[in-house]
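Please keep the sequence and the model in view while reading.

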Amino acid sequence: MIDQYKQLASNIVEYGKKLGADQVSTSLVNAVSFQVEVRDGKIESLKESGSAGMYVTLCRDQQRSTISSNDLRLETLRPLMRSAMQSLPFMGKDPYYSLPDPQLQGRADVTLEFSDPDFPIHQSEQKVAMAIELEEKTLALESSLRSEQAYYSDLVSHTVHADSNGFLDGYSKTLYSVGISVVTEDKATSGLNIGRKQTDGWFSSARFWEKLEALESIADKACQRTLRKLGAIKPPTCEVPVVFSAEMARSFLASCSSAMMGDHVFRKQSFLMDKLGELVANPQIQLSDQPLLSGMLGSRYFDSEGVIAKPLTLIEDGKLVNYMLSTYAGNKLKMESTGHAGGISNLVLEPGKYTEEELISSVDNGLYLTSMSGQGVNVTTGDYSRGAQGLWIRDGKLAEPVSEFTIASTFQQMLHNLDLIGCEVDTRNPILTPPFRINKMSISGT
Amino acid sequence: MDLEEALLEEQETVLQLPTGTPDQMAKALFEGQMGVTDFHMHQVLQAALSRGGDYADLYFEYAYRTSVVMEESIIKNSSISISKGVGVRVLKGDQTGYAYSEDLSLEAMQRAARTAASIATSATVKEHEGYRFNRLKPSNYYPVIRMVTDLPLADKITKIQDAERAAHDYDPRIKRVTVSMVDTVDIVRIVTSDGRFVSDVRPMFRMNVHCVAQEEKNVQTGSAGVGGRVGLPFLEAEDHPNQIGKKAAAEAILLLGAEQAPSGSMPVILGPAQSGILLHEAVGHPLEADFNRKGSSAYSGRVGEQVASPLCTIYDTGTIDYDRGALNCDDEGFLPSQNLLIENGILRGYMHDRISAAHYDLEPTGNGRRESYAHYPMPRMTTTYLANGETDPEEILEAVDQGIYCVSFSGGQVDISNGDFVFVPTVAYLVEKGKITKPIKNLTLIGNGPDAMSQVSLVGNDFAFSEGIWTCGKDGQSVPVGVGLPTVLISEMTVGGM
């Protein structure tokens, strides 16, 4: 597949040049996936898909146009590329657009394990059986639980990038996921919400089959996470320390990382603009982007422009030391690309020494945050206000569940108030972070 | 692909969409250009039911999308995107088998059909005698003759420049303006094993302005958009570029002077139109019947019960002319209807797709929707709205001593099971002694569906639909939707500021 796509990609580049483009780049993606959802021991849905995608950017004389298509046949690509060329004279000239410096392009000289040679390992029947087994194991733990769905999915994808600098390379990746969500009755004691329920779940996801979490462990977490929400009440409006679970820490860092993206910085849409070299966070915070970690979900040899991937320190002892830059953002900011076209690879918050239990026991009166909702995140101003759910912490111990309230602060304050960092990292996504404590946030409830 | 040959043969090929009625367009495209005949569809349906499925449908789709973006006064990019494919769905009871093919050759479609067929595993399958297609001719709620897609690039650029100029002219503190124009033509054909055969041509237009305002270290953003299933007459009828340019700029400038929002429980006035987001989250999602079929919604099994204040009557419908949520037929081929969800506070019904309707032994409601051929349908909203009330909006304002007034929103989210929802205002004000006073920022509103709806204490007589800008996400599938609402007072809600 990769070789076939490489041939097609270099043909596209050649054809673009023939049409008069002075810079051409293209990415081709092919993905084959399988997903089954089961409920009550029966298949709810089973889906198999194979999809293709092609993206081409054509540039002539600083004018640029792009096309995309899932139809890779010649009779579609040719007129599409021609239409794009015909639209070029209408475009403004953008002196900052360019392909990467060829010196920066290439493949990192390491071996990254992200493609399971035995993919997909199992037949469809076994995949279905696995989802059913996870459901059985979970429901067996607690009779009041009902299944919303248990699922298994896998994916293999092939990506090739080529450009008129002569870059041509590709890679394949595999991904397995298995998970469950369950629901249970939880009548509210007052008001009209007498049909209240609580739902939660757990999943595991990894590039290699053997790295998936054991079903027993997934079942156990799904069960515990759901039951601990029962009887949730609204907390008081107050200002308290908040312990972010690893998942919530991930959500917070994902937003932070977008403020470090060159695109946000040159557009003046980042609370971190003009802050290079300044103390922007608690001095114990070490944050970096690490593309070369073997087996991790965000690992890569090169970015989506073919710029060679290498580790990049973002925050060192609380000081902002780098932004993440694509070639374009680099040109705008008069800096070199850091290999971040297409976003972060693995964003790593260096773990501290505390277990989650220790983080919780450090709080007399506060919140253990397990869920957030809503779009109240403003990376431009730094304002942060989200719907939340969690467990109240009283005298260093988890107490009653709380819901229907908001937490608020600003990124600027949260980064400074992030004063205790945990040690257990969640590896199910490209943001590798332990739980942490933010010592003061506003809670709005009753 | 053999490119050598292509380069030798230098004939000009220009992309051309077919014209005519939706049925003629779909026929010209899928049959004329792609060679998918009735015979092929019979063969594919046959393959889909070859393992004993009860029902199968085919969803052919061709989507043509163009976009132009202006930033820093430069037309930065124009793009064209094509996406086509067929989704094959097989149902066995309430189980779904699904596969799709981007290749519309008979062989590839049959392969997808056999994959989808595997949801059923009967040993004996009775031979089907062939399908009789009943070609439906639905009403057209968005009869667009001249599409935005037909507008020459140079004219699109003029409109974009107008919007940009309007934003910059509004105030010198506007430092950056980004304008985008996106238009899509989505041509679909749905063919089912029970003989339903329907085509639809769905235009979608969206123009958006995003501004950054700066005053010393204070940076704020504002945005505004318009759109819907509209054609060129919409663009020509009013000076939309100028209006949204100003509106986005005004929002960013207003926020430069905004104060941090208060926090705690207080009365909340929802301004007309955009506040319909509240309905979408608080009531809409939990009334999608798949959640109720599975018993996971806070509203499960509560039809006939009081779930909102008697002032609330709520509908969902795909029949609002040119609205972003309009649909001539849903993605299972069913026609839209005016669905009464809540009548004077009493829950009357859910929104259904084929599976949930069969489960409840009801007619489908025209809410079976999917993002594209690559996804199977599920119950989704179209345009959800709260019917007009009787109170003058001024009186609603006067009824509040200390509270907030919300004008526009960036979005919302709901937890179906416990009913908790949030929605996030971008423009909101403090209300003091019946008067709108200072603009506020950085807030999230949180409530519980049935509780918040029971707190609706006044409903205005100034109903309006929101501009067509909303996209709804569910299970990883995005679909365009509409919302509408008159001014509403919620007597108590949690406002999350700092």
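B:Asp162 and B:Arg165 stand three residues apart in helix H5 (residues 153-170) of chain B, so about one helical turn separates them. In this predicted model, the two residues form a salt bridge whose closest N and O atoms are 3.4 Å apart. B:Asp162 has a relative accessibility of 27% and therefore counts as partly exposed. B:Arg165 is likewise partly exposed, because its relative accessible area is 45%.

Over all chains, the structure holds 52 salt bridges. One of them joins A:Asp154 to A:Lys127, with 2.9 Å between the closest N and O atoms. Because A:Asp154 belongs to strand E4 (residues 146-163) of chain A and A:Lys127 to helix H3 (residues 124-141) of chain A, this pair ties together parts that lie 27 residues apart in sequence. Both A:Asp154 and A:Lys127 are buried.

A further salt bridge links B:Arg176 with B:Glu71, the closest N and O atoms being 3.1 Å apart. Here the partners lie in two strands, B:Arg176 in E5 (residues 174-192) and B:Glu71 in E1 (residues 55-71) of chain B, so the pair connects parts 105 residues apart in sequence. The relative accessible area of B:Arg176 is 11%, so this residue is buried. B:Glu71 is buried as well, with a relative accessible area of 5%. Both residues also belong to a network of salt bridges, whose other members are A:Asp94, A:Arg267, A:Lys332, B:Glu72 and B:Lys76.

The nonpolar interior comes next. In soluble globular proteins, nonpolar side chains tend to be buried together. The largest nonpolar core comprises 88 residues, of which A:Val36, B:Phe30, B:Leu58 and B:Phe60 touch the most other members. Helix H1 (residues 2-18) of chain A makes the greatest contribution to this core, with seven residues. Apart from this core lies another, of 56 residues, including A:Phe252, A:Leu314, A:Leu415 and A:Ile421.

Beyond its neighbours within four places in sequence, A:Val36 is in contact with residues including A:Ile43, A:Leu46, A:Val128, A:Ala131 and A:Tyr151. A:Lys127, the salt-bridge partner of A:Asp154, is also among the contacts of A:Val36.

Finally, B:Ser356 is found in helix H10 (residues 354-360) of chain B. Its relative accessibility is 1%, so B:Ser356 counts as buried. Leaving out residues up to four places away in sequence, B:Ser356 touches B:Ala289, B:Asp290, B:Arg293, B:Met351 and B:Pro379.

Conventions
Residues numbered from 1 in each chain as written. Chains lettered and ligands numbered in written order. Predicted model: local features only at pLDDT ≥ 70, side-chain atom pairs only at ≥ 80, totals over all residues. Heavy atoms only, no water. Core = buried A, V, L, I, M, F, W, Y, C linked by side-chain atoms within 4.5 Å. Buried < 20%, exposed > 50% of the residue type's maximum accessible area, 1.4 Å probe, protein only. Helix = DSSP H or I, 4+ residues; strand = E, 2+ residues; numbered from the N terminus. Contact = heavy atoms within 4.5 Å. Salt bridge = Lys/Arg side-chain N within 4 Å of Asp/Glu carboxyl O.
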